[in-house]
Amino acid sequence: MNMMTELETNARFVDQFGRSKRKLRISVTDRCNFKCVYCMPEHPEWMKKHDLLSFEQLYQFCDFMVRRGIESIRITGGEPLMRQGVVHFIAQLQNLKKLGLKRISMTSNAHYLKQYAAALKQAGLDDLNISLDSLDTHQFKQLTQKELSPVLEGIHAAQAVGLPIKINCVLMNGINDNQILPLARWSVQQKIMLRFIEFMPLDGDRKWSSEHVVSEQQILDSLSTEFTVIQQPGDSARSSSEPARQYFMDGHPLGIISTITNSFCGTCDRVRLTAQGEFYNCLFAPQGLNLKTEIKALSCSEPLSELSLHAVLSKYIWNKESGYHAIAQRLENQRMNKSSRKISMHMLGG
Ligand code: SAM
Ligand code: SF4
């Protein structure tokens, strides 16, 4: 390879709006033991196990991406702790820190966390986001079809081993919007950062409607009845690539991810890979890019495999659209026409 070609194929991935890609999310499985109403379809058709990329193939892909500017990798799902070997995968990813990787994170429902917390810490996991949408046992079961107590035990286990955690709560009007204050009080008491997430049109059964969205403003109004809420200094310019708007409530940090009413797309530095090797330049991308063949070739060290993977990826990433609002109408049309875009949050991983 001549020097020019080598430089070009090691360049960072950038889209047409100048946003460099620094964060990669890998969904290691679409399977999940929960059935969150805002995520999982009533009758999921799981990916076939033999269609999933192996951890070795995922590792080779991560290595390739880190050499092109990825600084942070988040392991997600489905429920990532349901895939055997995930802890070992995290330990293996530590090798990429010498190439520029800075953080390895996970998003989990925490149901199995009690048994995995110590091993995850030992494997070098840097931080963990945990979904918790209600503190009411009955409501939690209605939302997820699982019990609340293992989740709370998992959270305590993670705290006990010193894993930094954040709590994610998706709010839905008329379903769990009564949890804003209980979760806020609990997070202050537990000294855990809480992030509320606006419900996005990525649910498996496509029942989303704007009426179900609890907006950032509604959340702030509700919190203000009990807390003094102020925006964190420097956050209003939305200069960082952090998706959550940052607040203090009585001095305690709080985030709100308001994709629908205050999208963070302008600074988006994320890209995503599903468990069977489909790559997405955006959560709402109308079309993914199937990279299975290229990733398999990469892990077999086939000649020119890096070149061809780089060529298809850089073109697809370059064409990333400006964001949710640019895609929203098309997405809505696709949602009406239920035959298209079958991808939903349980495959993309959030
Ligand atoms: N099973 C893990 C969990 O629940 O944390 C990881 C996968 S889950 C798909 C990742 C994140 O996506 C969770 O924080 C979840 O709350 C969020 N999520 C799922 N469906 C969503 C939707 N329709 N709108 C907004 N967030 C959603
Ligand atoms: Fe499972 Fe997470 Fe989706 Fe809930 S949000 S159904 S825990 S993948």
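Accessible areas here come from the Shrake-Rupley method with a 1.4 Å probe, and for residues only the protein chains shown count as cover. On that basis the accessible surface of the protein comes to about 15,300 Å², of which 52% belongs to carbon and sulfur atoms. The model is a predicted one, in which local features need pLDDT of at least 70 and side-chain atom pairs count only at pLDDT 80 or more, while totals for chains, interfaces and linings use all residues. Residues are numbered from 1 along each chain as its sequence is written, and side-chain values use heavy atoms, with hydrogens and water left out.

The C-alpha trace spans about 65 × 45 × 45 Å along its principal axes. A compact globule of 350 residues would have a radius of gyration near 20 Å, and the protein agrees with its 20 Å; the radius is taken over C-alpha atoms, and the globule rule is 2.2 Å times the number of residues to the power 0.38. The secondary structure comprises 12 helices and 12 strands, these being DSSP runs numbered from the N terminus (helices H or I, at least four residues; strands E, at least two). Of the 350 residues, 55% count as buried, that is, under 20% relative accessible area with a 1.4 Å probe and protein chains only.

UniProt, in an unreviewed entry, places a "binding site" feature at Arg 25, Arg 74, Thr 107, Lys 166, Arg 270, Val 271 and Arg 272. From this set, Arg 25, Arg 74, Thr 107, Arg 270 and Arg 272 belong to the lining of the largest cavity; a cavity is a set of points, on a 1 Å grid over the protein atoms alone, where a 1.4 Å probe fits but cannot get out, and lining residues have an atom within 4 Å of a point. Such annotations may be inferred rather than shown by experiment.

Arg 25, in strand β1 (residues 23-27), is buried at a relative accessible area of 13%. Thr 107 lies in strand β3 (residues 103-108), and its side chain makes a polar contact with that of Arg 74 (3.1 Å), meaning a pair of N or O atoms within 3.5 Å, of which, within protein, one must be able to donate a hydrogen and the other to accept it, residues adjacent in sequence counting only if both atoms are side-chain atoms.

Note on methods
Chains lettered and ligands numbered in written order. 1 Å grid on protein atoms, 1.4 Å probe; cavity = no way out; pocket = protein on both sides within 12 Å on 5 of 7 lines; lining within 4 Å. Buried < 20%, exposed > 50% of the residue type's maximum accessible area, 1.4 Å probe, protein only.
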